[in-house]
Amino acid sequence: MNTTGFPLDVAGRDLGDLLDRAKVPAGDGPPLLGSLVGGSAVAPQGEGTVRISPATGQPLFRAGDESTSVVEAAVARARSSFDTGRWGRASGRDRARVLARTAQLMEARADDLAELVVLETGKPIREARGEVAAAVNAFEYFSGLARDVNGRTVRDIDASVFAFTVREPAGVAGLIVPWNFPLGILGQKLPPALAAGCTVVVKPSPLTPLTALAVVSLLYEAGLEPDAVSVVLGEGPAGAALVAHREVDVVSFTGSTATGRHIAAHAGSQRLKRVALEAGGKTPVLVTANADLDEVVAGLTFAAFFNQGQVCVAGSRILADASVADELGERLAARAAGLLLGDPWSEATQMGPLISQQHFDGVSAAIETSRQEGVRVLAGGDPSAPEATGARPFLAPTVLATDDDGSTAAREELFGPVTVVQSFTSLDEAVTRANASAYGLAASVWSNDLREALDLTLRLRTGTVWINGSTDAFPELPLGGRRDSGYQAEFGREGMEFFTENKTVQVGRTRRKDWYTA
Ligand code: NAD
């Protein structure tokens, strides 16, 4: 296990070269990372803040919180690259080839990228590998779509007019990424933006910039002109500067509802622009009396605890028919108690630590609040630090139970390994309670009665519904929320269309009469 920071000598492999471009010469201590602007590192002002790896408990890197001048420089590069048309007006095939080559390079370095994911997030290696594969899949999918950017033709408006629409690249795209799937969510934004012909400034989470820097380095290696993509490191103010910038045409954000609200309010402060907001969630999971309980227990263990529960669509609120709720709660608690927390590099590990001590403290406080609100704890609820892995922010998978919809556990996104079991006595009641949530990202329905499952699905007011499933996302399918979960789906053709603008072209087919003399 790596415990020393760079060079990233993990299992005999030095991963440092994936980050070479971003490294800035510095004295002792963990390596100092700069923003990647037009292909070169920009040294941060000052010493940079040390990030502790949740996987090792050791310092991993130092990075700056960039001043707006770095945002200015990155946006200027993206603007000039876009305006020359070198990328946006390149043929679809040329854009496709760069994205496909990047996918190949990522695949060739998949083990190394997975190690970086483990180092920066603490998630188990099995999950990290899955995340890399998902990002490769996204690059491949959007590589195909780069060759298929279509408008439509409208023939029969009027004998004098033939019309068509053109989808043009939107311009400079600002992409703001959270820490829970730093590579996966980058894959939801970066390939469609580039496939559409946009140039890009990425702002990763300050907790997890490594994979963004690595993937953008691979894009350069694949032949992308460096000005077309930059990575700006930093915290909220760097993101806010990007959002408000006059020369940024569209913004795609994934993160918390609070930040999304801020972005929605400020995006138009200097000029009007479109924003895509993928925000928080509290996914209701409806389990009817017709569900297969064995399948439900296995499925919901994954839905609740995969990625340490740090998933926007985690199954964090289970509404079960009263006839099965108690048994489900007990069995889920038993499964949770049996999950193996530990060394993220071990193949046997089922859960790793949370992303940071600060986040651990927040989730732990919410569990404590739940106790005080009278919520029952069926499993977990206590911090646990397995001997083998030292004092890192491990939180035991926690199963709560309450029928109080106003409780913190039933209402709020805790974004950790915590789920709550509630019971209902009629399907109408279940739908009403699920739809009363402020969030509207996703829901899932577990039932072996197809009509029942479909009826519930059509009545739930969320962007995605899984029937007898959870959490999966595919690049082919749009993924987006409603209400406090945001708006404008990403993935799918819809996700790529966001990075384009419509142009309507009317062609006069016949010579017009003079309006004034006819
Ligand atoms: P966050 O909102 O704290 O940060 C997300 C990103 O926004 C980071 O890069 C951050 O630096 C940046 N940021 C912070 N303040 C900003 C501002 N004022 N202007 C512009 N950018 C700013 O979220 P997080 O803690 O990194 O991620 C967890 C949240 O992400 C959870 O709420 C989760 O539900 C959500 N999420 C949603 C989806 C989805 O698809 N809907 C997917 C994954 C995560």
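Is E347 buried, exposed or partly exposed? In this predicted model, E347 counts as partly exposed, because its relative accessibility is 46%. That value falls between the cut-offs of 20% for buried and 50% for exposed. E347 also takes part in a salt bridge. Its side chain meets that of R129, with N and O 2.6 Å apart. E347 sits in the loop between α10 and α11, whereas R129 belongs to helix α4, so the pair ties together parts that are 218 residues apart in sequence. R129 is partly exposed too, because its relative accessible area is 36%.

The count of salt bridges in the model comes to 28. Another of them joins R317 and D405. Here the closest N and O atoms are 3.3 Å apart. R317 lies in strand β17, residues 317-321, and D405 lies in the loop between β19 (398-401) and α12 (408-411), so this pair ties together parts that are 88 residues apart in sequence. The two partners differ in their cover. R317 is buried, because its relative accessible area is 4%. D405 has a relative accessible area of 27% and is therefore partly exposed.

A further salt bridge lies within a helix. The side chains of E429 and R433 meet at 2.6 Å, N to O. Both residues belong to helix α13, which covers residues 427-435. They are 4 residues apart, or about one turn of the helix. E429 counts as partly exposed, because its relative accessibility is 25%. R433 has a relative accessible area of 13%, so it is buried.

Salt bridges can also be linked to one another. R79, D83, E247, D249 and R271 form such a network.

Attention now turns to patches on the surface. R93, R97, R101 and R147 gather in a patch of positive charge there. One of these, R147, is found in the loop between α4 (125-145) and β9 (153-158). R147 counts as exposed, because its relative accessibility is 56%. The cut-off for exposed is over 50%.

L458 lies in helix α14, which spans residues 450-459. With a relative accessibility of 67%, L458 therefore counts as exposed.

D449 has a relative accessibility of 32%, so it counts as partly exposed. D449 and N290 are 159 residues apart in sequence. In space, their C-alpha atoms are 6.3 Å apart.

S356 lies in the loop between α10 (322-338) and α11 (357-372). S356 is buried, because its relative accessible area is 13%. The cut-off for buried is under 20%. Along the chain, S356 and R51 are 305 residues apart. Their C-alpha atoms are separated by 9.4 Å. Which residues does S356 contact, leaving aside its neighbours within four places in sequence? They are R51 and P393.

Backbone angles were also examined. T471 has a positive phi of about 55°, although T471 is not a glycine. T471 is located in the loop between β22 (464-467) and β23 (486-487). T471 is buried, because its relative accessible area is 13%. R483 is not a glycine either, and it has a positive phi of about 45°. R483 is likewise found in the loop between β22 and β23. R483 counts as partly exposed, because its relative accessibility is 35%.

Definitions and conventions: Residues are numbered from 1 along each chain as its sequence is written. This is a predicted model: local features need pLDDT of at least 70, side-chain atom pairs count only at pLDDT 80 or more; totals for chains, interfaces and linings use all residues. Side-chain values use heavy atoms; hydrogens and water are left out. Patches are made of residues with over 30% relative accessible area and no salt bridge: like charges are joined within 9 Å, nonpolar side chains (Val, Leu, Ile, Met, Phe, Trp, Tyr) within 5 Å. Accessible areas come from the Shrake-Rupley method with a 1.4 Å probe; for residues, only the protein chains shown count as cover. A salt bridge is a side-chain nitrogen of Lys or Arg within 4 Å of a carboxyl oxygen of Asp or Glu. Lys and Arg count as positive and Asp and Glu as negative; His and the chain ends are not counted. The place of a charge is taken as NZ of Lys, CZ of Arg, CG of Asp or CD of Glu. Helices (H or I, at least four residues) and strands (E, at least two) are DSSP runs, numbered from the N terminus. Buried means under 20% relative accessible area, exposed over 50%, partly exposed in between (1.4 Å probe, protein chains only). Contact means heavy atoms within 4.5 Å.
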